Amino acid sequence: MIFLGVTGAAPRHGELADILTPDRGEIVDRNGVPLARDFRVYSLWFNPKAMTEGSALIHSPEEVTARLLRIFPDLDRDEILAKLRSGKPGYLRKSLLPEDANKVHALGEPALEFPLEATRFYPQGSMAAHVLGYVDSYGHGKVGMEQAFNDQLVSPQGRATPSVLSIDFRVQSALEDELARAMQLSQAKGAAGVVLDVDTGEILALASLPSFDPNHVKPTDMIITPQEAANGDVPHGFNRVSNQVYELGSTFKPITVAAALDAGTITDLSRRWPAAPLHVAGFTIHDTHHYGASLNVLETLIHSSNIVTAQIADELGGVRLKKTMESLGMNQRPPVELPAKGFPIWASGQWPRLRTMTVGYGHGIAVTPLHLAAAYAALVNGGIWRPSTLKKLSPDQVPAGRRVFTAATSARIRQLLRMIVQYGTGRKADAPGFRVGGKTGSAEKPGAGGYRHHSLISTFAAAFPMDKPRFVIISMMDEPQGTAATLFQRTAAYNAAPVIQRLVPRIGPLLGIMPDETRDIDTSDLKPLIPAGAAGE
């Protein structure tokens, strides 16, 4: 009392609040479900200086080890015994349950201490691991939003207030489940997917498989051997959605058609182009099947014709096609908060004729699946491109975006995408009552000396409901195999499209979209363009 009276020392306000506030802020999904939080746990620490005289242990190291093994049967006996004999301080075990700490305390060994420590805990396990990332032993965020939000999460405000992501953990869980199923059925080496709000750019789910558990990150999750890299493998911690670029094949064809509609090089959808193999600059453009002597625009998309799409791109011209791709952000890293973002493989300068034609059907530039999701959002939402984000946005935070396509072109593309699912290569993506539209894409992976003809990237880009699009979904399989479950086919129609068919009915009702088979987008003006019985695979 005399000291305080003389010095005038003031009490330190906020000490209790600081103790109760976690060292690192919580991360939650858009509905407040915890995805990452600090959790205080006991650890088992060996302190050889706990006894001021004599041996560090009351009982022999062998006896103490035997008693610890009865409490923790999974401990390595030789390792624990060596630590107790060494006389050096160190952890014997991290993350003890309180009841186990009581059992150790009952052993009566003062050298066995129980420091209460903060650890980062991910209650959903490996779910959304590539979105969240992890925290290393030094308390630094790594890989995902833990790294992107690191300064915010350790700030006074960030520690006290949860950081809210755009992710919906229910949608995330369903996406991961369906991708894993498709990956197993097709024996693919990897898979990726994203669910995007077409009007805001918010990412409701983002998945890359195989995944990892941020609660127990292993060195092999982040590093692979040179042999694995040469084989085209990537670490489990590598994000295929935002960080790996691919030639996404025929999913680009609707973008090319939209650009041609806007430019006025297509004015009549009934116009027909020759469908014979096309010889350009010593290269032959061909289709997987013969679809007749000529095709119109709708038939081109339904059958996924490279030949006719190349001619549409040629008439459009490289300057206008390139400008469209630039307007869709395909010449830059995807604008998302994640620290790891892949840079597109993009030819600078003026595109020669052949490149223009191949880009038109999805070869010659490589982008991430996240680029594709944002492009499809612009295709169906009225023509506005917006940056993708992992932050939950309030209505006043939604960016205005930039116009890429006219509203009329977007309305026409919605019809075409719906008809691809009804009559063409996307039929296995149709989910009754949800009015799904979309496009398949199967592209050979490049390798040393050219394309690897037996290694495919298969992709389906979808949106629903097409009469008033709300969400885009990208489903991608890396090197799927032809199995009995996929009718021995490797293309997107048989492995990536069924993901959409199973996923949409799971997430639609969660997002306020109920199935309704009494309504659909009006395509009556386009149906005469399809010959009776025509369909494509």
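Student: In which loop does Pro210 lie?
Tutor: In this predicted model, a cis peptide bond joins Leu209 and Pro210, with omega at about 0°. Most peptide bonds are trans. As for its place in the chain, Pro210 lies in the loop between strand 10 (203-209) and helix 11 (219-222).

Student: Which residue does a cis peptide bond join to Pro465, and what is omega there?
Tutor: Pro465 is found in the loop between strand 18 (450-464) and strand 19 (471-478). The residue joined to Pro465 by a cis peptide bond is Phe464, and omega is about -20°.

Student: Is Glu479 buried or exposed?
Tutor: Glu479 lies in the loop between strand 19 and helix 20 (492-495), and its phi is near 55°, a positive value in a residue other than glycine. Most residues other than glycine have a negative phi. The relative accessible area of Glu479 is 10%, and because buried means under 20%, Glu479 is buried.

Student: And is Leu487 buried or exposed?
Tutor: Leu487 is found in the loop between strand 19 and helix 20, and it has a positive phi of about 55° although it is not a glycine. Its relative accessible area is 54%, and since the cut-off for exposed is over 50%, Leu487 is exposed.

Student: Which residues of helix 4 are buried, and where do they sit around the axis?
Tutor: Helix 4 covers residues 77-86, and its buried residues are Ile80, Leu81 and Leu84. Seen down the axis of helix 4, these residues fall within an arc of 100°, so they line one face of the helix. An α-helix has 3.6 residues a turn, so residues three or four places apart point the same way. The place asked for is therefore one face of helix 4, taken up by Ile80, Leu81 and Leu84.

Student: What do the buried residues of helix 4 pack against?
Tutor: The residues concerned are Ile80, Leu81 and Leu84. Their packing partners are strand 2, helix 3 and strand 3.

Student: Which residues are exposed on the other side of helix 5?
Tutor: The buried residues of helix 5 (residues 98-105) are Asp100, Ala101 and Val104. They cover an arc of only 105° around the axis, which puts them on the same side of helix 5. These buried residues pack against strand 2, helix 3 (61-71), strand 3 and strand 4 (112-113). On the other side of helix 5, the exposed residues are Asn102 and His105.

Student: Which element gives the largest share of the lining of the second largest pocket?
Tutor: About 900 Å³ of space lies in the second largest pocket. Strand 2 (34-46), strand 3 (90-96), strand 5 (116-121) and strand 6 (134-135) are the elements that give two or more residues to its lining. The largest share, 5 residues, comes from strand 5.

Student: How many nonpolar residues are in the lining of the second largest pocket?
Tutor: The second largest pocket is lined by 26 residues, of which Lys94, Ala118, Thr119, Arg120 and Val135 lie nearest its centre. By class, the lining has 7 polar and 7 charged residues, and the number of nonpolar residues is 12.

Student: Which residues are in contact with Leu269, leaving aside its neighbours within four places in sequence?
Tutor: Leu269 lies in the loop between helix 13 (253-263) and strand 11 (273-274), and at 11% relative accessibility it counts as buried. Beyond those neighbours in sequence, the residues in contact with Leu269 are Leu261, Asn296, Val297, Arg412, Leu526 and Leu529.

Student: Which residues does Asn150 touch, not counting residues up to four places away in sequence?
Tutor: The place of Asn150 is in helix 8 (residues 150-154), and Asn150 is buried, with a relative accessible area of 17%. Not counting residues up to four places away in sequence, those it touches are Arg24, Gly139, His140, Gly141 and Met145.

Student: What share of the residues in the protein is buried?
Tutor: The secondary structure of the protein comes to 21 helices and 19 strands, and the C-alpha trace spans about 95 × 55 × 50 Å along its principal axes. Among contacts between residues at least 6 apart in sequence, 72% join residues at least 24 apart. Of the 537 residues in the protein, the buried share is 52%.

Technical notes. Residues are numbered from 1 along each chain as its sequence is written. This is a predicted model: local features need pLDDT of at least 70, side-chain atom pairs count only at pLDDT 80 or more; totals for chains, interfaces and linings use all residues. Side-chain values use heavy atoms; hydrogens and water are left out. On a 1 Å grid over the protein atoms alone, a cavity is a set of points where a 1.4 Å probe fits but cannot get out, and a pocket is an open set with protein on both sides within 12 Å along at least five of seven lines; lining residues have an atom within 4 Å of a point. Grid points are joined across faces, edges and corners, and a volume is the space filled by probe spheres set on the points. Helices (H or I, at least four residues) and strands (E, at least two) are DSSP runs, numbered from the N terminus. Ala, Val, Leu, Ile, Met, Phe, Trp, Tyr, Cys and Pro count as nonpolar, Asp, Glu, Lys and Arg as charged, and the others, Gly among them, as polar. Buried means under 20% relative accessible area, exposed over 50%, partly exposed in between (1.4 Å probe, protein chains only). Contact means heavy atoms within 4.5 Å. The arc is that of the directions from the helix axis to the C-beta atoms.
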